[in-house]
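This report looks at charged and aromatic side-chain pairs, and then at the chain as a whole. Please keep the structure in view while reading.

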Amino acid sequence: EEEQRSQAEIEAEHKKQQEQEQKKIKEQKPQEQSKSVEEKPKQDVTKENNQQQEKVTVPTNTTPLLTGNIENSKGQLPFPVSGDYRIVRGFGIQRHPDLKYVKTNNGGIDIEVPEGGMARAVFAGKVSAIFHQPGFNNIVMVRHGSYITIYANLSSINVKKGDEVKINQTIGQIYSDPDDNHRSILHFEIRKEREKLNPELWLKK
């Protein structure tokens, strides 16, 4: 039931955000109206928000020995991707990359990886929901007690609903966008039931 509410919430948020951006577009000056509205951030969004980070490589030969309650592992969770990555959009209120006066509210973080990159579980849990949402492609939700991790923008999925997953287990392949230079960006969220948490406070630096 909680997963159904979370799924409906994601869909409602996406629709509301699109409506707000369309409204803002109409308020823009004529020279700005022709700019495209993208749900995914453009390459320069990190520069505009001063959030760009250097590429980081996730070690492939180490697996954190995290057990028990995910709450006790705050700040120690592995990144939900394999290989090189960088955060291209942070948590919370962000300025739109194309529209000067438009701001969006990011419920998680967006992580860019090389084409073909895989999403992986940050903690042991149970796959509670799998669904498709325009703008986010395939989405997998994993429950960890009262916490939920969300892996969105997947082109393929390696798990099914009800599966018990282990830490670092592959969830699926991240979608490569042919309309955006084949960029592969995972949208990742952590929630305590319906409360959205900042993933960067939970992931190991």
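Predicted model: local features only at pLDDT ≥ 70, side-chain atom pairs only at ≥ 80, totals over all residues.

Because Lys192 belongs to strand β13 whereas Glu71 sits in the loop between β1 (56–57) and β2 (84–89), the pair ties together parts that are 121 residues apart in sequence. Lys192 counts as partly exposed, since its relative accessibility is 34%, and Glu71 likewise counts as partly exposed at 39%.

## A buried charged network

The structure holds 8 salt bridges, among them one between Glu112 and Arg86 at 3.4 Å, N to O. This pair links distant parts of the chain, with Glu112 in strand β5 (residues 109–113) and Arg86 in strand β2, 26 residues apart; both residues are buried.

Asp180 and Arg183 form another salt bridge, in which the closest N and O atoms are 3.5 Å apart, and both of these residues are buried. Arg86, Glu112, Asp180 and Arg183 are linked in a network of salt bridges.

## Aromatic pairs

Of the 3 aromatic pairs found in the whole structure, one brings together Tyr151 and Phe188, whose ring centres are 5.3 Å apart and whose planes meet at 55 degrees, so the pair is tilted. Tyr151 lies in strand β9 (residues 147–157) and Phe188 in strand β13 (residues 183–192), 37 residues apart. Tyr151 counts as buried at 0% relative accessibility, and Phe188 is buried at 0% as well.

## The chain as a whole

The protein chain has 3 helices and 14 strands, and buried residues make up 47% of its 205 residues.

Conventions: Residues numbered from 1 in each chain as written. Heavy atoms only, no water. Phe/Tyr/Trp six-rings, centres within 6.5 Å; stacked < 30°, edge-to-face > 60°. Helix = DSSP H or I, 4+ residues; strand = E, 2+ residues; numbered from the N terminus. Buried < 20%, exposed > 50% of the residue type's maximum accessible area, 1.4 Å probe, protein only. Salt bridge = Lys/Arg side-chain N within 4 Å of Asp/Glu carboxyl O.
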